[in-house]
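Have the model open and follow along.

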Amino acid sequence: MSRSLGIVLRVLLAAVFVLPILFAVTASLRENSDMYRYAGSLSLWAFLPAEPTFDAYRRALGLPRLQAQLFNTVLLGFVMATGTTISSLLAGYALSRFRFRGRRALFLVMLFTLFIPVDVILPPLFFVVRDLGLIDSFWGLALPFIFSPIGVYLIRQAIEEVPRELDHAAALDGAGLWEVLRTAILPNIRGALIACWLMHFVFVWEWYLWPLIAMRRDDGQLAQVAISGLIDPLRSTDYALVFAAAILTIVPAFVIFAILQRFLTPSQATSGGK
C-alpha cells in the first residue's frame with residue numbers, strides 16, 4: 001500500500017513539472033486561430049493540435065536576434081556555472097578543512113544571505129556595476145553572481161563527508177594543500193560539483209530582472225528577456241511564436257542536463273577510505 005502511494009505521489013509530482021512543458025509544445029504546434037478554439041472543452045483537440053504545424057518554429061528561428069540572444073544565454077550559463085563552481089569549491093574546501101577563528105560565524109553569515117531576497121540587493125548592485133563601467137556588458141551580468149552561498153554550502157557539505165583519513169594519507173605521501181584537494185577530495189565529490197554546475201547553469205535560464213536592467217543592448221540580451229518582448233498587451237500576441245521560441249531556448253539546457261545527469265553519482269569516499 002505504501003509503495004503504491006509512493007508511486008502515485010511521484011507520478012503526480014512529475015506531472016506538475018511535465019504538463020506545462022507538454023502544453024507549451026502542443027501550443028507551439030497550433031495555428032494562432034486554433035489557440036482558443038477548444039478552450040474550456042475536454043475533447044482530445046483541447047490537448048493536442050488538430051493540424052500540427054512547425055510554422056511557428058520557422059518564424060522563431062527567423063527572428064532577427066533570437067539566435068544571438070540564445071548564444072548569449074548559453075555562453076553566460078557556461079561562464080557563470082564554471083566560475084561559481086570553482087569559487088564554491090575553494091570556499092567550501094577552506095570552510096571544511098581549514099581551522100581559523102570565526103570560521104563557523106562566517107559560514108552562518110553566508111547562510112543567512114540566502115534569506116535576503118535578490119530584489120533587495122539589485123538597486124545597490126546596479127549602482128556598483130554602473131560605477132565600474134560594466135553596464136551593458138557581458139561581465140556586468142556575470143561577475144556580480146559568480147559567488148553563490150548555496151553552491152558553497154553544497155560543496156562544503158560534500159567535502160565534510162570525505163573521510164579525513166584520505167587527507168592524511170595524501171599528506172604522508174608529501175602532498176600539499178592543492179594536491180590533497182586534487183587527489184583526495186575532488187574524485188570523491190564529483191557528483192556535488194556537477195550538481196552545483198548544473199544548478200547554476202539552469203539558473204541563468206530563470207534570470208529576468210537583472211539582465212533586464214543591466215543589459216540594454218538587444219544584441220547582448222538574454223533569450224528569456226527577448227521572448228517576453230514578443231508579448232504585447234496592446235496588440236494581438238502571436239502565442240504560437242512565443243511558445244515556439246520558449247521551447248527552442250530550453251533545448252540547450254535540456255541537452256546539457258541529459259548529458260551530465262548520469263554523472264550525478266553518490267560519493268565514493270567511503271569505499272575510498274576503506
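## A nonpolar patch on the surface

F112, L114, F115, I116, V118, V120, I121, I150, Y153 and M199 make up a nonpolar patch on the surface, and together they have about 920 Å² of accessible area. Patch members are residues with over 30% relative accessible area and no salt bridge; nonpolar side chains (Val, Leu, Ile, Met, Phe, Trp, Tyr) are joined within 5 Å, and like charges within 9 Å. The areas come from the Shrake-Rupley method with a 1.4 Å probe, and for residues only the protein chains shown count as cover.

Keep in mind that this is a predicted model, where local features need pLDDT of at least 70, side-chain atom pairs count only at pLDDT 80 or more, and totals for chains, interfaces and linings use all residues. Residues are numbered from 1 along each chain as its sequence is written, and side-chain values use heavy atoms, with hydrogens and water left out.

Which helix supplies the largest share of the nonpolar patch? That's helix 5, with 3 residues. Helix 5 (118-131) and helix 7 each bring at least two residues to the patch. (Helices are DSSP runs of H or I with at least four residues, strands are E runs of at least two, and both are numbered from the N terminus.) F112, one of the patch members, sits in helix 4. At a relative accessible area of 53%, F112 is exposed; the cut-offs are under 20% for buried, over 50% for exposed and partly exposed in between, with a 1.4 Å probe and protein chains only.

## Aromatic pairs

There are 13 aromatic pairs in the structure. One of them is F107 with Y153, a stacked pair at 6.2 Å centre to centre and 15 degrees between the planes. Rings of Phe, Tyr and Trp (its six-membered ring) pair if their centres lie within 6.5 Å; planes under 30 degrees apart are stacked, over 60 edge-to-face, and the rest tilted. This pair links distant parts of the chain, with F107 in helix 4 (residues 103-112) and Y153 in helix 7 (residues 149-160), 46 residues apart. F107 is buried, at a relative accessible area of 9%, whereas Y153 is partly exposed at 34%.

F201 and W205 give a tilted pair, because their ring planes are at 45 degrees, with the centres 5.0 Å apart. These two are 4 residues apart in helix 10 (residues 190-205), so about one helical turn separates them. F201 is buried at 1% relative accessible area, and W205 is buried as well, at 14%. F78, W197, F201 and W205 form one aromatic cluster.

Back at F107, the charged end of R156 sits over the ring, 4.2 Å from its centre. The test here is NZ of Lys or CZ of Arg within 6 Å of the ring centre and within 35 degrees of the ring normal.

## The nonpolar core

F201 turns up again in the largest nonpolar core: of its 24 residues, L76, M80, L141, F145, F201, W207 and W210 touch the most other members. Helix 3 (66-97), helix 5, helix 6 (138-142), helix 10, helix 11 (209-214) and helix 13 (239-260) each supply at least two residues of this core, and helix 10 gives the most, with 6 residues. A nonpolar core is a set of buried Ala, Val, Leu, Ile, Met, Phe, Trp, Tyr and Cys residues joined through side-chain atoms within 4.5 Å.

## Salt bridges

The whole structure has 10 salt bridges, counted when a side-chain nitrogen of Lys or Arg is within 4 Å of a carboxyl oxygen of Asp or Glu. Among them are these:

| Salt bridge | N to O distance |
|---|---|
| R97 and D167 | 2.5 Å |
| R130 and D131 | 3.5 Å |
| R164 and E160 | 3.9 Å |

R97 is in helix 3 and D167 in helix 8 (residues 164-172), so their bridge ties together parts 70 residues apart in sequence. R97 is buried at 12% relative accessible area, and D167 is buried at 10%. R164 is partly exposed at 29%, and E160 is partly exposed at 33%. Salt bridges that share partners also join D55, R58, R59 and D238 into one network.

## A backbone detail

D136 lies in the loop between helix 5 and helix 6. Phi of D136 is near 65 degrees, a positive value in a residue other than glycine.
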